[in-house]
Amino acid sequence: MKRRNYYLKHWAVYSMIIPGIVYFFIFKYVPLMGSVIAFQDYNIYLGIWASKFVGLKHFHNLFTYPEFYRVLRNTLLISLYQLIFGFPAPIVLALLLNEVRKMVFKRTVQTVLYLPHFLSWVIVGGMVINFLSPSSGLLNEVIKLLGGEPIFFLQEPAFFRSIVVASGIWKEIGWGTIIYLAALAGINPELYEAAEADGAGRFRQAIHISIPCIMPTIIVLLLLRIGNILDLGFEQIYILLNPLVWETGEVFDTYIYRVGLVGGQYSYTTAIGLFKSVVGFILLVGFNQLSKRTTGNSIY
């Protein structure tokens, strides 16, 4: 009775979450019912209810197709590179900008770095392609000025992963920097004053005060990134991908599009989607527990 009265008293507050609940129910939870086609030989004309049930057939095929391991390797390698080089980049940039005292310069740099976040991957992909063009790209023009021969970067499998990681860092580093700058702004200034009185320089203050104070934010974002380690995003890879670099560049998202939507293997690619979800869930829960035990910080 008390709980009911509490809800009635604060009905306006709770009514504000109804649109969010409805959104997640309709667009997130209801579509999960379609995952049943991973256990069927789905026929688009028969529909979900009339398609033949085949159990774990597609999961068996999943682990026997040679293509699967190639795509898995590419996905894991690109995710690992993004984790090693892309994840720390906004942290380092935020720490550097936090030391800038001229606000006009600081805000200008923030704005310039944040602008690419608002560009679609279609635009960014076009910029990358033009920048690396062997005939008119800026990078190849510099190489020719130095006496070298133009390099077909986007047609060389060895360069593709580096291009993906570098373009992703350039596009999203500003967004991550703003998050960490907000966390840095919440640190008690007295901590820096006490450290300065003890003779600690800017570098020691960053190591012993700034980083430990924003560690909860770092841990949360790291856990979310680990949970999505098999999700690289379709747009970026698809725009830069071409048949010459499939061996090192095709990932789960583009493979699902090529084999599932274009090739019509809906059940097989749905099984891949379930595999990705299960792996992401296991990694998230596992690393969350590890973080809770070692650092005391976790998502839940």
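The paragraphs below follow the salt bridges of this structure and the helices that some of them join. The structure is a predicted model, in which local features need pLDDT of at least 70 and side-chain atom pairs count only at pLDDT 80 or more, while totals for chains, interfaces and linings use all residues. Residues are numbered from 1 along each chain as its sequence is written, and side-chain values use heavy atoms, with hydrogens and water left out.

A salt bridge is taken here as a side-chain nitrogen of Lys or Arg within 4 Å of a carboxyl oxygen of Asp or Glu, and by this rule the count comes to 11 salt bridges. One of them joins the side chains of Glu-67 and Arg-258, with 3.5 Å from N to O. This pair links distant parts of the chain, since Glu-67 lies in helix α6 (residues 66-86) and Arg-258 in helix α17 (residues 252-262), 191 residues apart; helices are DSSP runs of H or I with at least four residues, numbered from the N terminus. Glu-67 has a relative accessible area of 32% and is partly exposed, and Arg-258, at 26%, also counts as partly exposed, where buried means under 20% relative accessible area, exposed over 50% and partly exposed in between (1.4 Å probe, protein chains only). Glu-67 and Arg-258 also belong to a network of salt bridges that includes Arg-70 and Glu-250.

The axes of α6 and α17 come within 9 Å and cross at roughly 145°, the axes being lines fitted to C-alpha atoms over the stretch in contact, with angles from 0 to 180 degrees between N-to-C directions. On the α6 side, Glu-67, Phe-68, Arg-70, Val-71, Leu-72 and Thr-75 meet Phe-252, Tyr-255 and Arg-258 of α17, a contact meaning heavy atoms within 4.5 Å. The residues of this contact divide into five nonpolar, one polar and three charged.

Another salt bridge brings together the side chains of Arg-202 and Glu-99, at 2.9 Å from N to O. Because Arg-202 lies in helix α13 (residues 202-213) and Glu-99 in the loop between α7 (88-98) and α8 (103-114), the pair ties together parts that are 103 residues apart in sequence. Arg-202 is partly exposed at 45% relative accessibility, and Glu-99 is partly exposed at 24%.

A further salt bridge is formed by the side chains of Glu-172 and Lys-171, with 3.1 Å from N to O. Here Glu-172 is partly exposed at 29% relative accessibility, whereas Lys-171 is buried, with a relative accessible area of 4%.

Key: Helix = DSSP H or I, 4+ residues; strand = E, 2+ residues; numbered from the N terminus. Nonpolar A, V, L, I, M, F, W, Y, C, P; charged D, E, K, R; others polar.
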